[in-house]
Amino acid sequence: MNIELLTQKIPVGISQCVMGDAVRYNAGHKHSRVCTQLLGRCFEYVPLCPEVAIGLGVPRDPIRLVKSDPSPDAEVRVKGVVDEDLDVTVPLRDYADSVAPELQQVRGYIFMQNSPSCGLRGVRRYLPNGHSHDSDGVGMFAARVREHFPHLPMEEAGRLNNSEIRENFLTRVFAYDAWFRYVEEDPRTARIIEFYTAYKYLLLAHHQQQTRELGQFIADSKAYEPREFAFEVRGRIMAILAHMASRKDRTNALMHVQGHLKEFLSREEKAELTRLIEDYRVGLKPASAVLTLLRHYLPRSPHHFIHSQLLLAAEPAEMGLCDFH
Ligand code: SF4
């Protein structure tokens with residue numbers, strides 16, 4: 001299996017105000033240039049505004065998350081700030097259910113932060129008396145989308161200004177997209193193993209322990225029904241990639257690749273590669289410097305395993321989508 005990345009733009013859902021459309025309660029927008037101009041080079045956006053879609057209009061009175069009481073498992077509803085009788089909890093959930101078939105095609109979702117509809121984390125919640133309670137809420141629409149698509153890569157627009165978070169989101173979207181192109185339609189165990197094998201060193205760069213556990217789980221594939229097995233593997237792969245790739249774990253993965261190539265390198269070439277990996281480990285060189293040299297030596301190896309490694313594919317920094325680090 002040779003998985004190709006970025007053959008065409010990948011469909012990604014997005015909060016419509018992030019696109020620059022004036023759909024917010026105050027008739028404003030939250031345009032993100034990083035999303036539209038930078039990530040728009042590889043994403044084909046599906047913009048949705050749930051509050052407009054359920055008929056709240058623009059401009060509109062604001063809404064907020066309200067907990068029925070302070071206890072941890074108290075019910076959370078979405079209510080009007082001005083008109084306390086307004087309750088749009090069910091319409092927002094129903095709207096998410098109605099667009100779920102359309103969202104089957106997306107391979108990621110960018111949500112607007114701090115919104116009672118779209119926020120992914122840390123949304124402010126209030127008590128019925130109007131007092132602010134905590135900032136542990138999730139937007140009602142976003143929460144429902146997550147229920148429909150538990151492995152879909154999701155991120156908040158504001159966090160994507162951070163280059164490392166952006167790189168991580170791109171890596172997850174590329175992997176989720178690749179899974180659907182290579183496995184989802186034909187989830188035979190052999191194809192799942194091929195997929196895991198191609199991603200193995202990239203996964204190791206994100207979380208060594210969980211990657212080893214996934215390898216053990218895959219070795220036990222006969223104990224599971226095929227669809228259940230595919231769902232579990234997909235979930236584990238996406239969970240591993242959600243960890244930021246640490247320099248230490250990435251160094252370890254690069255050394256594994258080096259190990260596969262060393263029999264084809266001269267003593268001087270081996271020394272140069274070792275020096276470069278060490279420079280990367282201590283922060284003197286970006287990962288792309290090591291990857292470039294590894295790719296240069298790659299044609300010398302006849303082994304398909306190493307040629308198929310997604311770790312060696314062009315990384316988001318090399319595509320100009322985030323900083324080199
Ligand atoms: S955060 Fe969501 S609901 Fe609010 S304006 Fe943006 S798209 Fe619409």
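Me: What relative accessible area does arginine 300 have, and how is that value to be read?

Reply: Relative accessible area sorts residues into buried (under 20%), exposed (over 50%) and partly exposed (in between), with a 1.4 Å probe and protein chains only. Arginine 300, at 35%, is therefore partly exposed. This is a predicted model, in which local features need pLDDT of at least 70 and side-chain atom pairs count only at pLDDT 80 or more, while totals for chains, interfaces and linings use all residues. Residues are numbered from 1 along each chain as its sequence is written, and side-chain values use heavy atoms, with hydrogens and water left out.

Me: With which residue does arginine 300 form a salt bridge?

Reply: A salt bridge is counted when a side-chain nitrogen of Lys or Arg is within 4 Å of a carboxyl oxygen of Asp or Glu. Arginine 300 forms one with glutamate 269, the closest N and O atoms being 2.8 Å apart. Because arginine 300 sits in the loop between helix H11 (287-297) and H12, whereas glutamate 269 belongs to helix H10 (residues 267-281), the pair ties together parts that are 31 residues apart in sequence. Helices (H or I, at least four residues) and strands (E, at least two) are DSSP runs numbered from the N terminus, and the chain has 12 helices and 8 strands.

Me: How many salt bridges are there by this rule, and which residues are linked in a network?

Reply: The count comes to 22 salt bridges, and a network of them links Arg121, Glu155, Glu156, Arg159 and Arg172. Another pair is arginine 250 with glutamate 315, whose closest N and O atoms are 3.5 Å apart. Arginine 250 lies in helix H9 (residues 247-261) and glutamate 315 in the segment after helix H12 (304-307), so this pair ties together parts that are 65 residues apart in sequence. Arginine 250 counts as buried at 12% relative accessibility, and glutamate 315 counts as buried at 8%.

Me: How many disulfides does the structure hold?

Reply: A disulfide is a pair of cysteine sulfur atoms within 2.5 Å, and the structure holds 0 of them. Cysteine 322 is in no disulfide, and its nearest cysteine sulfur, that of cysteine 42, is 10 Å away. With 7% relative accessibility, cysteine 322 counts as buried, while cysteine 17 is buried at 10%.

Me: What share of the chain counts as buried?

Reply: Of the 325 residues of the chain, 48% count as buried, and the C-alpha trace spans about 75 × 45 × 35 Å along its principal axes.
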